[in-house]
Amino acid sequence: MAHVNENYRNLKDSYLFSDINKRVAAFAAAHPEKKIIRLGIGDVTLPLMPRVIEALRGAVDEMGSAATFHGYGPEQGYGFLRDAIRDYYAHIGTALEPDEIFVSDGAKSDLGNLTDLFAADNTVLIPDPVYPVYVDTNLMNGRKIIYLAANAENGFLPMPDVSVHVDLIYLCSPNNPTGAVYTKEQLKGWVDYALANEAVILFDAAYEAFISDPALPRSIYEIEGAKSCAIELCSLSKTAGFTGTRCGYTVVPHALTAKTAGGGVLSLNRMWLRRQTTKFNGVPYIVQRGAAAVFTEEGMRQAKETIGYYKQNAKIMAETLTRKGIRFFGGVHSPYLWMECPNGMKSWEFFDYLLENAAVVGTPGEGFGVNGEGYFRLTAFGGRDNTAEAMERFQKLF
Ligand SMILES: *Cc1c(COP(=O)(O)O)cnc(C)c1O
């Protein structure tokens, strides 16, 4: 009989969203007359923008004609898209070579696949609370994880403990679930720590497009030295509504190396290229045409409009929480508001309270890690009318 990967037995079952759905279904059955508003999901709701739809249609037509049909493409993405991403990076202040950019079907796959490049005995540092993918993908490989507490005292932006050595570091800024954003000075602290420890940072920039303060870093490569110690993951999921269309990109700089057991060094860029060309056959041509349209001038304008809509939702929520005197983090350069549960309630207690008394659904912070207990995540990805109505109901509580 075949043997399983024992590491999978160390994974905790993820009950967060199924628990939420169960409780919401029970409430809906008991109160069929109540309109439930969901501010819990981490998925976008606005449709793809016109510039993208036009590009997708054009590419579909190309696929229907022998002269313009596309079969297998380059595993790491078409040149037209990698050039567009390079230009985008140049625009936000970072010079990259196109072959440092790898197009993928999203940041989640890349986060999982990148663990292929590193030895199982590397020690991994992961902030808590955080996007659960970082923890689970490393448990699957049997790596030792050290958790770093993110809490109100450090503004949910923990800094490294220089007395502890780690090999891999996960950072997410703007953060899911807390909405907190590292400053350049703070990221420099992380880059300095990584360089001193010869560690690699996996920097998740999925929400960079929500940053509107030019003083805040949108890419870790804005920090000197980062190209020698960081991989950056990004995605069109939240930037341009590609959660169901699937396209992301990962930057692995030429300067980035890691040690071999024999004391040599290998280029992680070359290893990643080797991994992708072996295990991945690229993102559909049609989707890459749609993705490239996001980086056109008109595409950027339309994406900014969509993000502006979500950010206005966040502002409405932030104003309500402020009026109620509730402490919260995020909500400015992020679609997420991370609020302290009122009256000392625990995360699930507040979940039930909000559902029962306002028919509003959010996400219990405890589901993102032990330091999330007592907190609650609201998302700005809902419709404007629903967001405003949810906040009117909220206003009348406690
Ligand atoms: C949504 C999200 C992503 C994007 O994942 P895709 O697979 O590209 O859809 C990545 N990281 C975080 C923290 C996210 O919340």
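1. The largest pocket is lined by 45 residues, and Tyr131, Pro132, Val133, Gly367 and Phe368 lie nearest its centre. A pocket here is an open set of points on a 1 Å grid over the protein atoms alone, where a 1.4 Å probe fits, with protein on both sides within 12 Å along at least five of seven lines; lining residues have an atom within 4 Å of a point. Helix 5 gives the most to this lining, with six residues.

2. The model is predicted: local features need pLDDT of at least 70 and side-chain atom pairs pLDDT 80 or more, while totals for chains, interfaces and linings use all residues. Residues are numbered from 1 along each chain as its sequence is written, and side-chain values use heavy atoms, leaving out hydrogens and water.

3. The second largest pocket is lined by 25 residues, of which Asn122, Glu198, Thr257, Ala258 and Lys259 lie nearest its centre.

4. Aromatic pairs number 26, where rings of Phe, Tyr and Trp (its six-membered ring) pair if their centres lie within 6.5 Å, and planes under 30 degrees apart count as stacked, over 60 as edge-to-face and the rest as tilted. Phe156 and Tyr375 form an edge-to-face pair, at 5.1 Å centre to centre and 80° between the planes. These two residues are 219 residues apart in the chain, and both are buried (under 20% relative accessible area, with a 1.4 Å probe and protein chains only).

5. Tyr309 and Tyr310 have ring centres 6.0 Å apart and planes at 75°, so this pair is edge-to-face. Tyr310 is buried, with a relative accessible area of 2%. Ring pairs link Tyr309 and Tyr310 into a cluster that also includes Tyr207, Phe210, Tyr336 and Phe381.

Conventions: Helices (H or I, at least four residues) and strands (E, at least two) are DSSP runs, numbered from the N terminus. Buried means under 20% relative accessible area, exposed over 50%, partly exposed in between (1.4 Å probe, protein chains only).
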